[in-house]
Amino acid sequence: MRRIGIIEINEQAEKIPNCIRFDKGSSKFPLPEEVVPHFHKAIENMRDKYCHYPNTGGEPKLKQLIAEIEKKNNRQVSAENITITHGGTSGLFTALSCLTRPGDEIITSQYCFELLSLLTSHFGLTQIRTDFSQIDEVKKAITQKTKLIIFNSPENPTGKVYSQKKINDLAELVEYKKIWLLSDEVMHGVVYNNTFWYGPSTDNERVVTINSFSKTWFMPGGRIGWITSKDKRLAELFGNSLSMQTEGVSLFSQFMMAEALKSIGYEGLLAKRMIILNDYSFGTKRYCPKTFGATKDSLSLLGARRNEFLCQLRTG
Ligand SMILES: Cc1ncc(COP(=O)(O)O)c(C=O)c1O
């Protein structure tokens, strides 16, 4: 079986001091202190109540809390529109397994998250790369075989944050062409220097969003993410697919994330993230003031160096 390149790169990079990382956006920071005691509640919940198989599609309590997060981004989604996944990776896997068939074409950005190429070959798809900032280029890339566009803002690995206009254009296009727009939003909170994140409207039946607690909340080890879809039948389909893959996401992780959200909340976690970022980046003088929009792992010292490196590439 083919060894996954990203894992090999990760192993090699761990051995190289001060290596500038372009692979995994794994934060090297501890959890916010305030959250940790609340995790014990997650264990107590399981001891006192139950530890059976999780509900298909995710625990209602966590889905409700996630619906609240989406509301802060002006989205009217309810728990029924949400499927809990094992992070963004499982969101992408699940959505592709349900929305594509071998032989389909999918459109991605020119420079996209490496996993997409692996998923493309895993599902027998053809990946067409294009420039999302040129809507005419995207239109040209669409053929009879196109099933979906995977879009990621802030974009990994370029750090590019797409404007509201560009995203609306893409959303209109998928509606017109009756294909899907998979909006990978795992980096949505990783924006700096007055750059604002914008995502497509989830009122559009053709939009499916992928999110995760890995980057914005620096909890990649929790392995929790979610998918939203306007069509509740799609959410059911995603839930069933996850049941077939793993019989659902670990109950402990779901409870843990629910307790974290209840204890210091969405804003609380985001604020904490900025404090930690400032401590680390200004403290070590490795902060790069010219950060353009976002990067996946600006939180880590290596990420800050990566930023500088990218800025140099961009400016010079
Ligand atoms: C653009 C993008 N999507 C999805 C993922 C996967 O997210 P998760 O770590 O939650 O599985 C990553 C991780 O680096 C990513 O960069």
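Begin with the open sheet of seven strands, whose order is β1-β7-β6-β5-β4-β2-β3 with mixed pairing. Two strands pair if DSSP finds at least two bridges between them, and helices (H or I, at least four residues) and strands (E, at least two) are DSSP runs, numbered from the N terminus. Select β1 (82-85) and β3 (126-130): they stand at the edges, each with a single partner strand, so one side of each is left without a neighbour in the sheet. From one strand to the next, the twist averages 20°; axes are lines fitted to C-alpha atoms, for helices over the stretch in contact, and angles run from 0 to 180 degrees between N-to-C directions.

The model shown is predicted: local features need pLDDT of at least 70, side-chain atom pairs count only at pLDDT 80 or more, and totals for chains, interfaces and linings use all residues. Residues are numbered from 1 along each chain as its sequence is written.

**Inside the sheet**

Next, select strand β5 (residues 180-184) and strand β6 (residues 207-212), which run parallel and are joined by four bridges. Leu-181 has Val-207 of β6 as its bridge partner.

Keep β7 selected: five of its five residues are buried (a residue is buried if 20 or more other C-beta atoms lie within 10 Å of its own, exposed if 12 or fewer, and partly exposed in between; C-beta atoms are placed from the backbone). In a regular strand the side chains alternate between the two faces of the sheet. Here Gly-225, Ile-227 and Ser-229 point one way, while Trp-226 and Thr-228 point the other way.

**Helices on the sheet**

Select helix α7 (residues 164-177), which lies across β4, β5 and β6 and runs at about 145° to β5. Then turn to helix α5 (residues 115-122), where Leu-116, Leu-119 and Thr-120 are the buried residues. Seen down the axis of α5, these residues fall within an arc of 105°, so they line one face of the helix; the arc is that of the directions from the helix axis to the C-beta atoms. They pack against α4, β2 (105-109), β3 and β4 (two residues are in contact if their C-beta atoms, placed from the backbone, lie within 7 Å). After α5 comes Gly-124, which has a positive phi near 70°.

In helix α8 (residues 232-246), select Leu-237. Leu-237 counts as partly exposed because it has 19 C-beta neighbours inside 10 Å.

**Around the ligand**

Finally, select the ligand and the 15 residues around it, of which Gly-87, Gly-88, Thr-89, Ser-212 and Ser-214 come nearest. A residue is near a molecule or strand if its C-beta atom, placed from the backbone, lies within 6 Å of it. Helix α4 (residues 87-99) gives the most to this shell, with three residues. By type, the shell divides into three nonpolar, nine polar and three charged residues; Ala, Val, Leu, Ile, Met, Phe, Trp, Tyr, Cys and Pro count as nonpolar, Asp, Glu, Lys and Arg as charged, and the others, Gly among them, as polar.
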